[in-house]
Amino acid sequence: MFSYTIKNKYKNKKINEIIKKLPTTVRLGMIDVGNNVKELIVNAVPIDTGRLKESISVTIQSLADNKTQTRIFSDITIAEYGIWVNYGTGLYAEGEGGSKRSSDQIPWVYFNESKGKFFSTKGIKATHFFDDKGFLSRQGNINLINEKIKEMLHEFSVK
């Protein structure tokens with residue numbers, strides 16, 4: 001939840017205009033926040049073919065009562081394996097997203113098409129490239145929204 005207090009240094013007419021414009025301004029700030037968190041996640045992705053980085057997406061949704069929600073996710077149509085890179089697999093799987101296997105299925109064999117051969121594995125360790133990026137960048141994200149609001153208020157002070 002994000003709340004903002006505006007000191008009444010504007011004429012009442014301007015206050016009504018500010019109140020009308022505030023939801024749009026915050027929405028623009030949320031777009032900046034989403035892109036900021038996306039960039040942090042993309043930079044934390046382990047080096048791969050680039051598909052996993054490309055799969056990180058941002059959507060902004062308008063909800064009831066002028067609320068806005070930012071959703072950042074890995075698009076499984078681009079890189080279906082993102083959840084396993086984040087949470088691990090096999091012996092190293094963590095949390096609900098990890099791909100666990102029973103002990104009679106470890107190790108398992110898979111074919112790597114790009115290398116043209118079979119490999120045996122016990123799993124991959126979790127990288128947590130997606131975890132906590134929004135929380136870790138919280139103050140920076142608040143600052144992004146504050147900047148958008150200050151820019152909007154500046155427009156009213158120069159009118």
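Mentor: Gladly! Let's begin with a definition: a residue is buried if its relative accessible area is under 20%, exposed if over 50%, and partly exposed in between. Keep in mind too that this is a predicted model.

Trainee: Then why is A126 called buried?

Mentor: Its relative accessibility is 18%, and buried means under 20%, so A126 counts as buried. As for its place in the chain, A126 lies in the loop between β4 (117–121) and α4 (133–136).

Trainee: What does A126 touch, leaving out residues up to four places away in sequence?

Mentor: A126 touches V85, N86, Y87, G88, Y92 and E94. A contact here means heavy atoms within 4.5 Å. Take Y92: 34 residues separate it from A126 along the chain, and their C-alpha atoms are 6.8 Å apart.

Trainee: Which label does H128 get, buried or partly exposed?

Mentor: H128 has 29% relative accessibility.

Trainee: What makes F129 and F130 an edge-to-face pair?

Mentor: There are two checks. Rings pair if their centres lie within 6.5 Å, and planes over 60 degrees apart count as edge-to-face. For F129 and F130 the centres are 5.8 Å apart and the planes are at 70°, so the pair is edge-to-face. The structure holds three aromatic pairs.

Trainee: Now salt bridges. Why do E155 and K21 form one?

Mentor: The rule asks for a side-chain nitrogen of Lys or Arg within 4 Å of a carboxyl oxygen of Asp or Glu. The closest N and O atoms of E155 and K21 are 2.6 Å apart, so by that limit the pair is a salt bridge. E155 lies in helix α5 (residues 138–157) and K21 in helix α1 (residues 12–44), so the pair ties together parts that are 134 residues apart in sequence.

Trainee: How many salt bridges does the rule give?

Mentor: The count comes to three. K148 and D32 meet in one of them, at 3.5 Å from N to O. K148 lies in α5 and D32 in α1, so this pair ties together parts 116 residues apart in sequence. R51 and E80 form another, with their closest N and O atoms 3.4 Å apart. Here R51 is in helix α2 (residues 51–55), while E80 is in the loop between β2 (68–74) and α3 (82–87), 29 residues away.

Trainee: What label do R51 and E80 get for accessibility?

Mentor: R51 is at 36%, so it counts as partly exposed. E80, at 42%, counts as partly exposed as well.

Trainee: What makes β3 and β4 paired strands?

Mentor: Two strands pair if at least two bridges are found between them. Five bridges join β3 (residues 108–112) to β4, and the strands run antiparallel. N112, for instance, stands opposite K117 in β4. The two strands form a hairpin with four residues between them, and G116 in the turn has a positive phi of about 70°.

Trainee: And what does the chain look like as a whole?

Mentor: The chain has five helices and four strands, following the pattern α-α-β-β-α-β-β-α-α. Buried residues make up 31% of its 159 residues.

Technical notes:
Residues are numbered from 1 along each chain as its sequence is written. This is a predicted model: local features need pLDDT of at least 70, side-chain atom pairs count only at pLDDT 80 or more; totals for chains, interfaces and linings use all residues. Side-chain values use heavy atoms; hydrogens and water are left out. Buried means under 20% relative accessible area, exposed over 50%, partly exposed in between (1.4 Å probe, protein chains only). Rings of Phe, Tyr and Trp (its six-membered ring) pair if their centres lie within 6.5 Å; planes under 30 degrees apart count as stacked, over 60 as edge-to-face and the rest as tilted.
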